[in-house]
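Visitor: I have a structure open and would like to go through it. Can you take my questions as they come?

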Amino acid sequence: MPASALLDLYYLQIRSFLVEAAAGLDRIQNAPGGAEAVRDPRFQALRAAAATATREETGRVETILNDLSVD
Amino acid sequence: MRVIEPHIHMVSRTTDDYARMARMGVVACAEPAFWAGYDRLSPEAFRDYFHHISAFEPTRAAQHLIDHYCWICINPKEAEDVAFSREVIAFIPEFLDRPNVLGIGEIGLNKNTRNEMTIFEEQVELALKHGQLILIHTPHLDDKLKGVRMMVDYLKGHGGVDPERVLIDHMEEHTMGIVREAGFWTGMTIYPVSKNSPARAVDSLERFGFDRVMVNSAGDWGPSGPEAVHHTIFEMRRRGHRPEDIETVFYNNPCTFMGQCPKFKPQPTRSREEARGDGARGGTRTRTA
């Protein structure tokens, strides 16, 4: 399937995932204790994963899963 | 807890959905006139459709002890043809006195065109002329922000529109503030991919408060379902919101807004003033856990 067709097929789903991810991070940061939560390693890992998800080169998913794996 | 589904297109849903809604506590639902998934071939097709939602659907709902109400209009997606739309608008008044018709809706914009705006304005005038409540659809995805601004600017500048009698639907985080600050009622739709998830809708309730807001499934012929409202109720419960605040959003607020039409029968368990007076402003302060 050509990339343009894949973009048609998955645009809304990916848009939804990005919006949900942003909303989830806002939810945690805006809640009572949010300032502490943003320093939690799990929160920092999610932010790093979000940055990886939007980088230019591919291999994003493997990088994210490796980064989220315990040594 | 009793629940009101303030926006659902039951013409596209099965009788099993009425049964599921009834068993989930839905006592009333409201069905706006909308696009059927294809453009109607003639204005007369709308006459049949208006009859369907104002005569047949109430009987189907009643079998499950659900009060069915509806809104009448030509929807924005079919409003691009101005002459066609005006033929439909001409016979809308024939339906406004029917016992389950709450007002004019869901009017609005789809692609924010000049023609759509013309028909939107003409239907606002129709509602005002006949003393009707107004339900407004806002565009999907990338057209939403501009469309909301166009309609809110028009309504604010009109001079004769009471914002308390207008519900602007399909709000998300970037449009909620615009509409609420202008004094209108707001609706949030829960869809699987577009619009809101249950979690995001509850985020907005916590951010903007529980007054002048409703949550709906807008269930139709696409991916959607009446259980979406109940997923949102559960999301509020698991975040520790008080039962009385959940009731405000999912029962009392629809009663208060739609109850401005004397044909709407369900009565709120408490007034907006009572809800406001006990600290129900949304936000983390109202959580019990």
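Guide: One term before the questions: a salt bridge is a side-chain nitrogen of Lys or Arg within 4 Å of a carboxyl oxygen of Asp or Glu. Also, this is a predicted model.

Visitor: Fine. Which residue forms a salt bridge with A:R27?

Guide: That is B:D203. The closest N and O atoms of the pair are 2.6 Å apart, and the cut-off is 4 Å.

Visitor: How many salt bridges does the rule find across the interface of chain B and chain A?

Guide: Two.

Visitor: And which helix gives the most to the side of chain B that touches chain A?

Guide: Helix α7 of chain B, residues 198-208, with three residues. By class, that side of chain B has four charged, four nonpolar and two polar residues.

Visitor: How many residues are in contact between the two chains?

Guide: Ten residues of chain B touch ten residues of chain A. As for polar contacts, three residue pairs between the chains are counted, both residues being at pLDDT 80 or more.

Visitor: What area do the chains bury between them?

Guide: The size of an interface is often given as the accessible area lost when the parts come together. For chain B and chain A the buried area is about 840 Å², with 57% of it on carbon and sulfur atoms.

Visitor: New topic, chain B by itself. How many helices and strands?

Guide: Chain B has ten helices and eight strands. Its C-alpha trace spans about 55 × 45 × 35 Å along the principal axes.

Visitor: What share of the contacts between residues at least 6 apart joins residues at least 24 apart?

Guide: In chain B, 73%.

Visitor: Now single residues. Is B:L41 buried or exposed?

Guide: B:L41 has a relative accessible area of 82%, and exposed means over 50%, so B:L41 is exposed. B:L41 lies in the loop between β2 (26-31) and α2 (43-62) of chain B.

Visitor: Where is B:G183?

Guide: B:G183 is in the loop between α6 (173-181) and β7 (185-189) of chain B.

Visitor: What is B:G183 in contact with, leaving aside neighbours within four places in sequence?

Guide: B:P163, B:E164 and B:R212.

Key: Residues numbered from 1 in each chain as written. Chains lettered and ligands numbered in written order. Predicted model: local features only at pLDDT ≥ 70, side-chain atom pairs only at ≥ 80, totals over all residues. Heavy atoms only, no water. Contact = heavy atoms within 4.5 Å. Buried area = accessible area lost by both parts, 1.4 Å probe. Polar contact = N/O pair within 3.5 Å; in protein donor to acceptor, adjacent residues only side chain to side chain. Helix = DSSP H or I, 4+ residues; strand = E, 2+ residues; numbered from the N terminus. Nonpolar A, V, L, I, M, F, W, Y, C, P; charged D, E, K, R; others polar. Buried < 20%, exposed > 50% of the residue type's maximum accessible area, 1.4 Å probe, protein only.
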